[in-house]
Amino acid sequence: MAEVLERLFSERVPVLVQGITGRAGSQHALSMRAYGTNVVAGVGSKAGDLQGIPVFADCRRAVAASGAQASVIMVPPLAVKQAVIDAIDAGVKLMVAVTEGVPIHDTLAAVRHAREHGATLVGPSTAGLAVPGKAKLGFLPEVALRPGPLGVMSKSGTLAYELCWRLTTRGVGQSLWVGVGGDPVKGTRFAELVPLFARHDDTRALLVIGEIGGTEEEDLAHALTAAQFGKPVFAVLAGTSAPEGVTMGHAGAMVSGDRGTIASKTAALRDAGVEVFDTMEALVATAAERLR
């Protein structure tokens with residue numbers, strides 16, 4: 001896990017936005033800056049300026065001029081692989097790719113390049129990540145962000161928005177919120193975040209929002225056990241009534257045989273000491289009571 005991600009807890013890490021001249025890129029770059037994120041540069045179709053944010057034609061120039069250490073990637077699906085490679089080759093160590101619909105082979109190449117260079121890719125198909133009150137990288141809704149003791153990792157942006165908003169209304173905020181995305185291939189998986197949350201003293205508990213498909217939740221259960229995590233972990237899993245062999249919403253949300261089912265995930269998590277809830281209401285009530 002990139003050192004840059006951990007430094008977000010205490011530092012104003014300089015952030016680059018790739019695709020800043022697009023409609024979404026410009027809108028969210030300004031929104032991130034307004035929230036407090038240290039947006040120092042952008043990469044776009046042509047050099048220029050976006051309300052005080054210098055825009056460069058390529059990553060190397062942007063990083064050399066600004067010292068950016070993290071990047072939010074807001075480019076079309078077929079441009080994501082090259083954007084990740086360009087950022088890494090320019091020296092960026094943390095990339096957050098929000099784009100949906102990235103081809104699996106492109107993601108595989110991007111993930112491989114990141115790992116070969118000691119960088120971390122979050123996403124693609126993620127709403128982003130945030131250290132509430134300090135920075136957000138992506139488009140997490142501010143109404144659901146509040147500083148607090150709960151670490152959050154989620155496949156689903158929408159479910160995470162709803163759960164975190166309900167918890168904030170009960171006085172429980174987040175220490176770090178990471179949307180890993182729902183694609184079958186991704187840069188960062190649940191299990192890889194366990195050491196980060198385990199050693200962060202201000203994270204008193206963990207919220208996991210999973211779903212059918214793949215083995216990510218089972219892998220998380222193994223990681224929690226191996227790390228002797230020791231903090232309360234609350235989980236909710238989407239897709240209890242999804243039919244076998246049908247992709248539901250996310251590209252990774254498909255059950256095949258007895259792997260990736262709600263039953264297999266629930267059993268593995270409960271064996272690791274995780275409290276798995278059938279409804280959001282029950283999870284919110286329990287977490288609020290414990291952490292308020």
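Helices here are DSSP runs of H or I with at least four residues, strands are runs of E with at least two, and both are numbered from the N terminus.

The model is predicted, so I kept its limits in view: local features need pLDDT of at least 70 and side-chain atom pairs pLDDT 80 or more, while totals for chains, interfaces and linings use all residues. Residues are numbered from 1 along each chain as its sequence is written, and side-chain values use heavy atoms, without hydrogens and water.

Next I went to strand β12 (residues 205-211). I found 7 of its 7 residues buried, so β12 is largely enclosed by the rest of the structure. A205, L207, I209 and E211 point one way and L206, V208 and G210 the other.

I listed the pairings of β12, counting two strands as paired if DSSP finds at least two bridges between them. Strand β10 (residues 147-154) pairs with β12 in the parallel sense over 5 bridges, and V152 has L207 as its bridge partner. Strand β13 (residues 233-238) runs parallel to β12, joined by 6 bridges; L206 is partnered by V233. From β12 the chain crosses through helix α8 (residues 216-227) to β13, a right-handed β-α-β crossover (clockwise from the first strand over the helix to the second, with the strands pointing away from the viewer).

Technical notes: Buried means under 20% relative accessible area, exposed over 50%, partly exposed in between (1.4 Å probe, protein chains only).
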